[in-house]
Amino acid sequence: MAVYDHAAASSCDTAAPQHAAWDEELLRRYDKSGPRYTSYPTALSFHEQFGAKDFIAALERSNQTDRALSLYVHIPFCRKICFYCACNKIATKNTKLAEPYLSRLDREMLLTSRHLDTSRRVEQLHWGGGTPTFLTLDQMSDLIDRLDARFGLSSSPDRDYAIEIDPREADVFTLRHLQTLGFNRISLGVQDLNPMVQKAINRIQPRVLTETLMEEAHRLGFRSLNLDLIYGLPHQTQESFADTLRQVIELNPARLSIFNYAHMPQRFAPQRRIKDDDLPSAEEKLAILHTTIDMLTQAGYVHIGMDHFVRLDDNLAVAQREGTLQRNFQGYSSHAQCDLVGLGVSAISRVNDVYAQNPTDLDRYEQALDAGQLATVKGLRLSQDDLIRRDVIERLMCDMQIDFAAVSQRWNIDALRYFSDTLARLEGAERDGLVVHEGDILRATPIGRLLIRHLAMAFDVHLPGDTTKRYSRIL
């Protein structure tokens, strides 16, 4: 998630009693399809008139700001395909196939670093995928060495260096190696601990695999552990997911990401292996969500927004209280105002007022780099209106409220007048109790926090008329 204003601490206190405002009929009525707003405008607005030269110009302009850097590296390889997955991935068991990819990554790093002031601190590093732990230990070391040579990695204790881990493909030696490489935060993919659900999604993962890694990570002193779960998967029920949650709470992770499964088999071929009849009904999914919020709240977790639950002392909760939470392509972040440089196939960069995306096709990515060019195939330079709306949507997604007086001051506008049409569109949501508008403050109510994506859509002037085919449902 993203950042909190000075007034946000009070709204954070409304996270706990989510169940008190539960209204199933109201939730169903507002449960439409819409963006997750990891960016604004969303990736659907990126266009192919934006290319490598535009991205290079953005990188060079960014040096004038002296902002810290965030690096995202996409590792697309997986040994086995999970049927629910909508990520950009390549299924193979042959780790040698990663060697040419790592060489292309190094070429991309070199071409990118030529246009960056590499004295800028790399505050964040994130390896995602695919399965980053598909790489051998030597390949991981090689990739870190290349990143350090091109950008200069940090050893500061407040750095945020994270990696996504598949517990089926890692062990305690992997964790020890990752620690020596400088990673201090890990995210473990779990999804569900029920054997029937695991079989239906082609991801057999006994609890002991996750538990062993978590125990070792705690012993090694990793700063923050996240577990990923998904609700809405085949054969899930309110009771079965509650059992998974009980086991997860026993494991005591600092963070939990609990995503709503978006079943879009027309777009993602692996999902065609999941039978529609095996999926929980809309009513059952809401019951699962209700139980999830109740159980995690009672266990001491704070629902900071969207799909994320954290312990009170986690730095995401602290950032939300202090107004420094941010939202980007990796979700919520406590390191605000970094320029994000994405590396690898399908990776997206966010550099000041620009988004730039690499091709999702591996051959096209490789061909561009082999020709000595950055692989940017599309992107967008934001207008002044885009920048203002991005700021407001991010504050809403992170703070669960908007301080229009602060927006007016930041952008030298009369924000209430500027967004008068948007506020008119939100009057129905206000009558239904999703938001409260008092003076300069527009605040999501407890039930409105569950529908924060719907509220954010009111500020989106790029939103297509029909959102059902391109976006997942909110709940």
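Figure 1. Helices (H or I, at least four residues) and strands (E, at least two) are DSSP runs, numbered from the N terminus. The model is predicted, with local features requiring pLDDT of at least 70 and side-chain atom pairs counting only at pLDDT 80 or more, while totals for chains, interfaces and linings use all residues. Residues are numbered from 1 along each chain as its sequence is written, and side-chain values use heavy atoms, with hydrogens and water left out.

Figure 2. Cys 78 is buried, with a relative accessible area of 9%, and Cys 82 is buried at 7%. Here buried means under 20% relative accessible area, exposed over 50%, and partly exposed in between (1.4 Å probe, protein chains only).

**Figure 3. The largest cavity and its lining.** Four cavities of 30 Å³ or more are found in a search of the whole structure. A cavity is a set of points, on a 1 Å grid over the protein atoms alone, where a 1.4 Å probe fits but cannot get out, and lining residues have an atom within 4 Å of a point. The largest cavity holds about 160 Å³ of space; grid points are joined across faces, edges and corners, and a volume is the space filled by probe spheres set on the points. Of the 14 residues in its lining, Met 306, Asp 307, Leu 450, Ile 474 and Leu 475 lie nearest the centre. At least two lining residues come from each of β8 (255-260), α18 (446-450) and α19 (452-457). By class, the lining comprises nine nonpolar, two polar and three charged residues, where Ala, Val, Leu, Ile, Met, Phe, Trp, Tyr, Cys and Pro count as nonpolar, Asp, Glu, Lys and Arg as charged, and the others, Gly among them, as polar.

**Figure 4. Aromatic pairs, stacked and edge-to-face.** The structure holds nine aromatic pairs. One of them, Phe 46 with Tyr 355, is stacked, at 5.5 Å centre to centre and 25 degrees between the planes. This pair links distant parts of the chain, 309 residues apart: Phe 46 belongs to the loop between α2 (24-30) and α3 (52-62), and Tyr 355 to strand β15 (residues 354-357). Phe 46 is buried at 7% relative accessibility, and Tyr 355 is buried at 0%. The pair of Phe 77 and Tyr 101 is edge-to-face, with 5.5 Å between centres and 90 degrees between planes. Phe 77 lies in strand β2 (residues 77-78) and Tyr 101 in helix α4 (residues 98-113), so this contact ties together parts 24 residues apart in sequence. Both Phe 77 and Tyr 101 are buried. Ring pairs join Phe 77, Tyr 101, Phe 134 and Tyr 365 into a cluster. Rings of Phe, Tyr and Trp (its six-membered ring) pair if their centres lie within 6.5 Å; planes under 30 degrees apart count as stacked, over 60 as edge-to-face and the rest as tilted.

**Figure 5. Cis peptide bonds and positive phi values.** The bond from Tyr 40 to Pro 41 is cis, with omega near -10 degrees, and Pro 41 is in the loop between α2 and α3. A cis bond also runs from Gly 129 to Gly 130, with omega near 20 degrees; Gly 130 is in the loop between β4 (122-129) and α5 (137-151). Gln 191, a residue other than glycine, has a positive phi near 75 degrees. Gln 191 is placed in strand β6 (residues 185-191) and is buried, with a relative accessible area of 7%. Asn 352, also not glycine, has a positive phi near 55 degrees. Asn 352 is in the loop between β14 (348-351) and β15 and is partly exposed at 32% relative accessibility.

Conventions: 1 Å grid on protein atoms, 1.4 Å probe; cavity = no way out; pocket = protein on both sides within 12 Å on 5 of 7 lines; lining within 4 Å.
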